[in-house]
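Hi everyone, thanks for making time this morning. I'd like to walk you through a model with you looking along as I talk.

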Amino acid sequence: MPRYYFDLYNDRNTVDQEGEVFPDLATALDHARTAVRKLGAEAVSTRGQLVLDHRLIVRSEETDEQHIIHFGDVIRIVPHDDA
Amino acid sequence: MDSAEAMMARFLARLSLRSELDPADQQAILGLPGLAERYAANQDIIMPGEHVTRATLVVSGIVARFDQREDGQRQLTAIHIAGDMCDLHSTVLPVASWGIAALTETVVLRVPHVEIFRVAGEHRAVAAAFWRDTTVDAGIFAKWVANIGRKDSRARLAHLLCELGTRMELAGLGPRTAFPFAMTQAQLADALGLTTVHVNRTIQGLKADGLIEIGGGRVMIPDWAALAREGEFDPAYLQASRHPSPDRAFPELT
């Protein structure tokens with residue numbers, strides 16, 4: 001199974017040197033979206049703040065391809081009127 | 001590979017930390033038979049629900065107890081190091097409500113339940129030591145629930161590293177401030193209830209603040225007091241003091 005790396009750029013930049021294996025890119029991206037949502041949830045619960053431009057970059061060891069997931073991409077903020 | 005007696009000596013050392021055992025008791029433990037088995041990293045040793053007839057002594061490497069969800073996601077519920085009989089309780093509850101997996105390359109000794117019963121029946125102090133040993137594991141488990149359930153990611157990781165360091169030192173595997181550490185981010189994530197991304201960020205945060213150094217299969221803790229404070233770690237729950245044998249604790253028994 002291919003190995004994917006998850007580099008985090010939020011209040012602290014964290015380059016992933018270990019990575020994790022997943023069956024395919026789609027599964028790795030699912031994992032990444034869940035990770036971003038959980039990190040975002042912690043940012044909200046501890047600091048009451050979520051920076052939508054913070055991002056997680058998914059790299060594959062097999063290709064040069066990079067996939068950028070911004071925190072703002074994986075959450076939906078519902079205004080009062082639409083709630 | 002060591003003889004079964006040399007392997008059992010590690011378990012005797014763990015029991016002797018907390019339980020007074022006379023020479024006959026010690027010899028009975030050293031004489032327990034077992035079959036050594038080697039496992040690769042991430043290999044399962046026992047699956048939840050399996051019926052077991054032998055208990056599992058960790059001789060080398062790191063082993064975890066785990067439970068898993070229907071989709072395969074795992075939560076590690078305990079980590080065991082060399083000298084731990086990681087499912088001694090299976091002697092009295094032989095249908096596993098947990099699994100056991102090797103986290104690193106591991107050697108275990110499988111010890112027949114019937115022999116554990118025999119020794120416990122013949123040596124009251126050994127029975128008490130076994131009972132105390134499983135109670136210590138239950139105490140560690142309770143601490144894990146509080147750690148994972150109520151602390152943020154930094155405190156969770158800090159507590160885990162302080163616990164492992166202290167247990168490694170008690171087991172004679174190195175000082176608590178510099179010990180072998182070969183767990184992957186994914187395993188730490190399963191132990192701490194976090195994602196691997198979060199674990200990596202938390203490790204880098206503790207490193208940047210000078211609380212830990214990780215590399216070359218080891219972890220170093222330059223400022224023990226600071227890491228212990230971060231994790232609210234108090235080693236009292238590890239119960240590392242020796243208790244008298246039942247005959248000395250309760251003279252009316254004899």
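First, some housekeeping. This is a predicted model, in which local features need pLDDT of at least 70 and side-chain atom pairs count only at pLDDT 80 or more, while totals for chains, interfaces and linings use all residues. Residues are numbered from 1 along each chain as its sequence is written, and chains are lettered from A and ligands numbered from 1 in the order in which they are written.

So, chain B. Chain B has 9 helices and 10 strands; helices here are DSSP runs of H or I with at least four residues, strands are runs of E with at least two, and both are numbered from the N terminus. The radius of gyration of chain B is 18 Å, close to the 18 Å from the globule rule for 254 residues, so chain B is as compact as a globular protein of that length. That radius is taken over C-alpha atoms, and the rule is 2.2 Å times the number of residues to the power 0.38. Along the principal axes, the C-alpha atoms of chain B fill a box of roughly 55 × 40 × 35 Å.

How much of chain B is buried? Of its 254 residues, 42% count as buried. By that I mean that 20 or more other C-beta atoms lie within 10 Å of the residue's own; exposed means 12 or fewer, partly exposed is in between, and the C-beta atoms are placed from the backbone. Now take contacts in chain B between residues at least 6 apart in sequence: 74% of them join residues at least 24 apart. A contact means that the C-beta atoms of two residues, placed from the backbone, lie within 7 Å.

On to the domains. Chain B is assigned domain 1 (4-145) and domain 2 (152-231), with bounds that come from an automatic or database domain assignment. The C-alpha centres of these two domains of chain B lie 23 Å apart. Across the boundary, 13 residues of domain 1 of chain B are in contact with 13 residues of domain 2 of chain B. On the domain 1 side, α1 (4-18) and β5 (74-80) of chain B each supply at least two residues, and β5(B) has the largest share, with 4 residues. By class, that side has 8 nonpolar, 3 polar and 2 charged residues. For the classes, Ala, Val, Leu, Ile, Met, Phe, Trp, Tyr, Cys and Pro are nonpolar, Asp, Glu, Lys and Arg are charged, and the others, Gly among them, are polar.

Now the sheets. One open sheet in chain B has 4 strands in the order β2-β6-β4-β5, with antiparallel pairing; strands pair if DSSP finds at least two bridges between them. Its edge strands are β2 (44-46) and β5 of chain B, each pairing on one side only. Within this sheet, β4 (residues 63-68) and β6 (residues 99-102) of chain B pair over 4 bridges, and B:Ala64 has B:Ala101 in β6(B) as its bridge partner.

Another open sheet in chain B has 3 strands, in the order β8-β10-β9, again antiparallel. β8 (178-180) and β9 (213-215) of chain B each have a single partner strand, so one side of each is left without a neighbour in the sheet. β8(B) pairs with β10 (residues 218-220) of chain B over 3 bridges, with B:Phe179 opposite B:Val219.

Is B:Pro33 buried or exposed? B:Pro33 counts as exposed, because there are 12 C-beta neighbours inside 10 Å. Beyond four places in sequence, B:Pro33 is in contact with B:Ala4, B:Pro112 and B:Glu115.

Finally, chain A. The contact between the chains takes 13 residues from chain A and 12 residues from chain B. On the chain A side, β1 (3-9) and α1 (25-47) of chain A give two or more residues each, and α1(A) gives the most, with 5 residues. That side has 5 nonpolar, 3 polar and 5 charged residues.

Elsewhere in chain A, β4(A) and β5(A) form a hairpin with 5 residues between them, and A:Arg55 stands opposite A:His70 in β5(A).
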